[in-house]
Every structure is written in C-alpha cells, then in structure tokens.
Amino acid sequence: MKKALLIENGAIVTMDADRRILDKGYVLVEDGRITAIGEGAPMAPADAERIDASGMVVMPGLIDTHAHAGHMLTKGLGGDSEDWMNITGRIYAEATDPEFWAAEAALSAAERIKCGTTTAALLFGGGPDIMRTEALEAAEAHLAAVAEMGVREILAVGPNRPSAKSVYREYRNGSYNELVVVPDAQLAVSAALIDAWANRDDRLQLAVSLPVFNAEELEDAAVLDLSRRAQRLAREKNVLLIQDGHRDGSIAANDAKLDLFDSRSLLAHCVDLTDADRAVLKRTGAKVAHNPSALMSVFGRCPAPEMMAEGITVSLGTDAAAPDRSFDMFRNMFQAHRYHARHFRDDAVLPPLQLLEMATINGARALSMEAEIGSLEAGKRADIVLVNMRQPHLWPPTNPVQRLARFANGADVDTTIVGGRVLMRGRKLTAHDEGAILDRAEKAFRLAMQRAGLAGEETRT
C-alpha cells in the first residue's frame, strides 16, 4: 500500500458536479485514490507525506484528448506544413527503430508532466498515413517508456489506408530490411497489442485508430471492409475507436454506410461539419476532440460551442507536439476562447469555467473515464496538479478559474501527481533525470535524421 499523501492549504478547484471551489482546503490521497477532500483540519495518517499548497491552486490533472506519438522529434523541420508532413512521413517510415519511439515517448511524457497534463490520447504515428503497427516492437517500446515515466495514456493503434503503398524500413544491427505494410497485418498487430497490455498497467490503455474516409472513398469495398473490421475489433476489445480528421459530411457518410459510431467513438478536429454530421454525434453519443491550435482549425472551423449547446461532449486536444504547437493545455484553453470569440465577435463565448471543463471533466468523458478522473472527488484516482499562482501574471489572488483559463501557462505548474505518485515537485521531475531524457532524445533524433538523409535539415530556418 502506498504511503498516504496530504495536500493542504491550497485553493481547491474540484470540477465536481457542483463545481465547488474550496478557498483553503485539503486533499487526502491513499493507495492512489482520493479518500477525502474538504476544508478545515483534515484527519490524516500520522506518517502521511504532506505538501503545503499555500499560494497554489489544486486542480484535476489536465486531459489532452488528441495528440500524436512521434511528433516530439519532428519539431522545427521543413519550411511549411506540407513540407513538414512529407518529412515526418519519411522519418517515420524510413528512419525509426524501437529506440526512437522509446526516447520520443520519454520526452513526450516529460513535457506533459511539466505542463500539468496527466492523461493524453495519442495516435501511434502520423504524417501522410504512417501508422507504425507493422510489428509489435515500436509500440511496445513506446508504452514501456511511458509506463516508466508514470503518466496516464491511451495509445491508438491501427491500420493505414488500404490504398496506401507503404514500405517501411526495419533496422537491425546497423542495417535494414524493407517491409511492405498491409492493413490486414496492422490490424492483427493492433489486436495483439491490446491483448498484451490489457491489465498490465492501470495508467495505460490502448484504442483502435481508423483513417477518416469521405463519402467517395466509402464506395470502395476495401475501405468498407477495413472500417468494419476496425469497428468490430474496438467493440470486441471494449476499447475506444479514435479517428483523426473528420470534416464536411464525413461523419454522416460513415454513419450511413457503416453505423460506425457509438459512445466510445472519439473524433478529432471535426471542422466545417454539416447539420447531418452534428445530428449523428448527438444521436450516437460519439465524442469530439477539438484542437484549436491545429492546422485543421486554420483551414476549417470546429463548431465547439454550438455542439456543446446541443449536448455533445467536446473536449480539448493539442494535436501536439509538432509542427508548431506544444502539449500546453493552458495555451489551448486560451486559444479556444480567442478562436470562437473572434468567430462570434463576442468575448462571452466559452467562459473560463467551460474552458476548464473541456480540459478536465469533459476530457474524461471523451475518454469514457469520467468515473475515474477529471475531477477531485473521493473515490477517484489521484491525478492532481498544483499551479503556482503567486506570480505577477497570475495576481491578484481572486477568481482562480479565470486566472487558470485566461492567464496561466504550462510553466506555472509546480507539482504533478498521477495515481497518487508525485512525478514533479517544484518544477523538478522526482524520479527521472531531465537532462538524460533530453540527451537520449537528441541521440535518437540525429540518428533518424541521418538514416532519412536529412542531416542538416534541423538547421533550416
């Protein structure tokens, strides 16, 4: 049994059903879960570890519902987004090995810890349809590294498009073999990964990813077959089905052809939706990951406020960590407000509390984890963040929710706790050498650049 942890003297932003804020409260954690929360003198075990949260806000850990594994080591590459996409796809397909994915995962987890993000949903790959699920090793390396770092994660694994002509390089002993990648094999590997990690670590889950197909593509028998098998896999394994890039009628088309969605479907971006798209979301209970910092939010608009008004669950994602964005969820709260306030020419749109809901309890709902995380309540897992509010840009000490949603940033996080385990205290990782994580990631990055024939690309401006 883990030693009890008592957090006291902080302003507690609970995000519970009543959205209580305790001006000077405490949170007691035992065996990884919150056992008591309140004001006044806490009853705590005599040997409990104590954290004095004076001058801090104590809040639920932030939940990022859409990001990508791999992207931490592609930041700063290319001259524009199209160039970056091509370079990223080249690196993922031709230049990575399990150590790349492990080093990148540790770096990714470190950034999330330092930004106060305790849970994230990541697709295992990206670029132009490059999912590294041709074999078990890369995803296993990623998951093992994330487990060691201690954050909570859902990793979505799945196939490429059936039309993709994918050839990957498999490196062993300084040389490589070329592998032709087919969706059938990727689905089999994805199923094996889900089975292998079931109940292995309560902080880690897997999900099934499936490319987004538009109405025209859904006329292809191979696309329909692949979609049905991915849907069946997700439902048989009782995991989320995650898709990246819905827009302009694609939700309604997939519903009509496949009856694809249910309450365990998480759809990222969702820009330029039709009325029929929104009707499907409302009817099926599928959830939305809104990414205001993403390029798709430049090229189209996600109607997040309108969907939430209709009862659709909309959460926040960073789409991180490249080409031009970070894992900082505070930044995304601020950007979401500006994005929609500008559209409506009304700064009352998305008030601070609603933004904080999107980044916490709505994120938990999007991941079907609202019974476990997303708010500070007795019985829930102790995923907790302490934000240092005693700083000029967060002063004066009033209205903590507004200060968090409007003025805070990831660098204001002092302490990050996942499942009762303190991962960062005083901005310092407690169990890992940050310098060693950076050095390992740099080594993996430089080797990948060399393998991809891109040495020197990192110096481009």
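Which residue forms a salt bridge with Asp255, and how far apart are the closest N and O atoms? I began there, in what is a predicted model. The partner is Arg283, with the closest N and O atoms 2.6 Å apart. I noted that this pair links distant parts of the chain, since Arg283 sits in helix H7 and Asp255 in helix H6, 28 residues apart. Then I checked accessibility. Arg283 is exposed, at 54% relative accessible area. Asp255 has 13%, so I put it down as buried, the limit being under 20%.

**Helix H6**

I stayed with H6, which covers residues 250-258. Its buried residues are Ser250, Ile251, Ala253, Asn254, Asp255 and Leu258. What covers them? I found that the cover includes helix H5 (221-237), strand E14 (265-268) and helix H7 (275-284). Just after H6, Asp259 takes a positive phi of about 50 degrees.

I counted 30 salt bridges in the structure. Glu219 is exposed, with a relative accessible area of 57%. Lys257 is partly exposed, at 37%.

Next I looked at Arg203 and Asp201. Their side chains meet in a salt bridge of 2.7 Å, N to O. Both Arg203 and Asp201 are buried.

**The nonpolar core**

I turned to the largest nonpolar core, which has 120 residues. Which of them touch the most other members? They are Met59, Ile91, Leu281, Phe330 and Leu404. Helix H2 (residues 98-115) gives the most to this core, with 10 residues. As background, I recalled that nonpolar side chains tend to be buried together in soluble globular proteins.

I then listed the contacts of Phe330, leaving out residues up to four places away in sequence. Among those it touches are Met59, Leu62, Cys115, Val387, Leu404 and Val413.

**Asp383**

Is Asp383 buried or exposed? I found it buried, with a relative accessible area of 4%. Asp383 lies in the loop between helix H12 (361-366) and strand E17 (384-388). Beyond its neighbours within four places in sequence, its contacts include Met59, Pro60, Arg152, Ile373 and Val418. I also took one distance: Asp383 and Met131 are 30 Å apart, C-alpha to C-alpha, and 252 residues apart in sequence.

**Backbone notes**

I checked the peptide bonds. The one joining Ala320 and Ala321 is cis, with omega about 10 degrees. The one from Ala322 to Pro323 is also cis, with omega near 5 degrees. Ala321 is in the loop between strand E16 (314-316) and helix H10 (329-344). Pro323 lies in the loop between E16 and H10 as well.

Two residues other than glycine went down for positive phi. Asp31 has about 50 degrees, in the loop between strands E2 (21-30) and E3 (33-39). Asp31 is partly exposed, at 46%. Leu350 has a phi near 50 degrees, in the loop between H10 and helix H11 (352-359). Leu350 is buried, at 3%.

**A hairpin**

Last, I looked at strands E10 (residues 166-172) and E11 (residues 175-181). They run antiparallel, joined by 7 bridges. Tyr171 has Tyr176 in E11 as its bridge partner. E10 and E11 form a hairpin with 2 residues between them. In the turn, Asn173 has a positive phi of about 55 degrees.

Key
Residues numbered from 1 in each chain as written. Predicted model: local features only at pLDDT ≥ 70, side-chain atom pairs only at ≥ 80, totals over all residues. Heavy atoms only, no water. Helix = DSSP H or I, 4+ residues; strand = E, 2+ residues; numbered from the N terminus. Buried < 20%, exposed > 50% of the residue type's maximum accessible area, 1.4 Å probe, protein only. Pairing = 2+ DSSP bridges. Contact = heavy atoms within 4.5 Å. Core = buried A, V, L, I, M, F, W, Y, C linked by side-chain atoms within 4.5 Å. Salt bridge = Lys/Arg side-chain N within 4 Å of Asp/Glu carboxyl O.
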